[in-house]
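Hi everyone, thanks for coming. Please have a look at what's on the screen, and then I'll walk you through it.

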Amino acid sequence: MKPRPAAGRRLANLVVSSLATGSALLGMLILAWIVWVVVSRGLGAFNLAFFTQLPTPPGMEGGGLANAIVGTLVMTLLATLVAVPLGLMAGVYLAEFAQGSRLADNTRFSANVLIGMPSIIIGIFAYALVVVPLGRFSGYAGIVALAIIMLPIAARTTEDMLRLVPNTLREAALALGAPRWRITLSIVFRAAKAGLITGILLAVARVSGETAPLLFTALNSPYMMTSLGQPTPNLTVTIFNYAMSPYPDWQQKAWGASLLITGGVLALTLFTRHTLRERKT
Amino acid sequence: MPTDSLTISDRPVQQASARGDRTFRRLTVASALLIPLLMGGIFLALLHQSLPALKRFGFGFLTSQQWNPVTENFGALSSIYGTLVSTLIAMVLAVPLSLALALFLVELAPPRLSRVVGTIIELLAAIPSIIYGMWGMFIFAPFMANYIQPALGKTLGWLPLFQGPPMGIGMLTAGIILAFMVLPFICAITRDIFSLVPNVVKEAAFGMGATTWEVTYKVTIPYGLVGIIGAVFLGLGRALGETMAVTFVIGNSHRISTSLFGAGNTIASTLANEFSEATKAMYVSSLIELGLILFIISYAVQMFSQMLLKRMYRSWSVGL
């Protein structure tokens, strides 16, 4: 084999290295750009009324998004309460009981596929499951959609976190004569606590920014919610509707809502990354 | 559990805990069962709701460009076309970018810098779709119209793909934003794969005098190729179903335009735009059939990607 000239090889290496560095810079630039735009435009919308008042009729200035903030919080909280216990139990099965069973393979595969499934599909499913039988858009349908999105994420993270717990802990507890359910709930869960909480928070962060599954389940509403059986106001669908409106005041409110959502999601994500890393090292 | 050595007085305790164990196990099995059932339930529900449209339009639904709510004549062609083209643009941009980025994180950057940059890239994945939409419509689309599209028109305008007025919104803008959105997903897995390649293998190549690029190109990439393809398909699955960001910037037109500057739509954007306003049964059913098509495409892509990643991780006997 004839050796190629060193200069050409070094040049190729230099080109690729600079392209790699360039793409890293580009990625960071895009994030900085988005965050900067959201912060600079969103801050202007923040005032007391934004957090405490109801929306004004179209074209009228003033008012706020108190109803949407409450709606998003309530729906996210209830979806978490539905999905997390189920996800924890499914994760326990995968990590503690399954041992290569066919059900475990199926569950793991379905969970992975569901995590990658477009959230708007989940929205249609919740529509068919809840909206069609009830005959109207409702907060319940929104909660069902969000819970379905959370469930597979919660199950898979639980499995991963429980697998990190050393087997010696389980064996020690078994040797003391403790039943499996006690071992799981009071030994394994306690050992994996930080990881489990992190996983749940990440799932909450993922779901709280979702718009597509709410578009035709919870819909939206300009009023304070009084029952989950009606269309329920929420921040993300409000952003969509207000951004597409011709009123500058509404567009500004959409930026305010964007800042609220982005700030919340990024803070949750960064916080969980931080705690995860501290545990690892 | 050993039971033969128990004394009589221990037995009630043992039985109670066995009963508790059985109940607990059943609860976990039921929860685990719920996930595949949901998966199947979603498919059946979509199929059931789209039956009226399936019966009325048959296979013609896939090949018709009609989309007329007034005469109730529906066809999916423009939405399918838009979904595929926007995804293709996204992948053409995102795959080389994420490979280069993974190379930077694993081989070039010092560990501390790599950690910081890695976290920042991960945050790109955390930003909600609708925020990309807001940024895309109000900031990035005008930027495209003022700078990128005129430049492309001047240099590549002889191609029909880059002709027409630079409006900012349209297929190209949607594809580029999709690329930024799937970048972190592909990058995260590629980065894992790059760092899992045994150091001995890389060092052997470095010892022969190979440059970083040669090691990547001839050792790392072939070593992890199956997994990289799996990662690419994972990102592809994401791009296919992205909804809000695309809805904001694609222009939402049911006509197929040859130019990438033109407006278009995707399956997901059509659903987001029209579903809550559709009142007639046939209209809703046709929209749900669009959803069924998206479900089938996503399922196939996900399955393929899971298969590749699983095979790779198994052959390396790590994880999963």
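So, is Lys280(B) buried or exposed? A residue is called buried if 20 or more other C-beta atoms lie within 10 Å of its own, exposed if 12 or fewer, and partly exposed in between, with C-beta atoms placed from the backbone. Lys280(B) has 11 other C-beta atoms within 10 Å, so it is exposed.

Quick housekeeping: this is a predicted model, where local features need pLDDT of at least 70 and side-chain atom pairs count only at pLDDT 80 or more, while totals for chains, interfaces and linings use all residues. Residues are numbered from 1 along each chain as its sequence is written, and chains are lettered from A and ligands numbered from 1 in the order in which they are written.

Back to Lys280(B). You'll find Lys280(B) in the loop between helix H11 (267-274) and helix H12 (281-315) of chain B; helices (H or I, at least four residues) and strands (E, at least two) are DSSP runs, numbered from the N terminus. Pro69(B) is 211 residues away along the chain, yet the C-alpha atoms of Pro69(B) and Lys280(B) are separated by 8.5 Å.

Now chain B as a whole. Chain B has twelve helices and two strands, and from the N terminus on the order is α-α-β-β-α-α-α-α-α-α-α-α-α-α. Of its 320 residues, 48% count as buried. The C-alpha trace of chain B spans about 85 × 65 × 35 Å along its principal axes.

Let's zoom in on one helix pair. Helix H7 (residues 199-207) and helix H8 (residues 212-223) of chain B pack at an angle of about 160°, with their axes 10 Å apart. Axes here are lines fitted to C-alpha atoms, for helices over the stretch in contact, and angles run from 0 to 180 degrees between N-to-C directions. H7(B) and H8(B) are therefore roughly antiparallel to each other (under 35 degrees is roughly parallel, over 145 roughly antiparallel, 65 to 115 roughly perpendicular, the rest oblique).

Who touches whom? Val201(B), Lys202(B), Ala205(B) and Phe206(B) in H7(B) meet Val215(B), Val219(B), Thr220(B) and Tyr223(B) in H8(B), where contact means C-beta atoms, placed from the backbone, within 7 Å.

Last stop, the two chains together. Their contact takes 70 residues from chain A and 68 residues from chain B. On the side of chain A that touches chain B, H1(A) gives the largest share, 18 residues.

Terms used. Contact = placed C-beta atoms within 7 Å.
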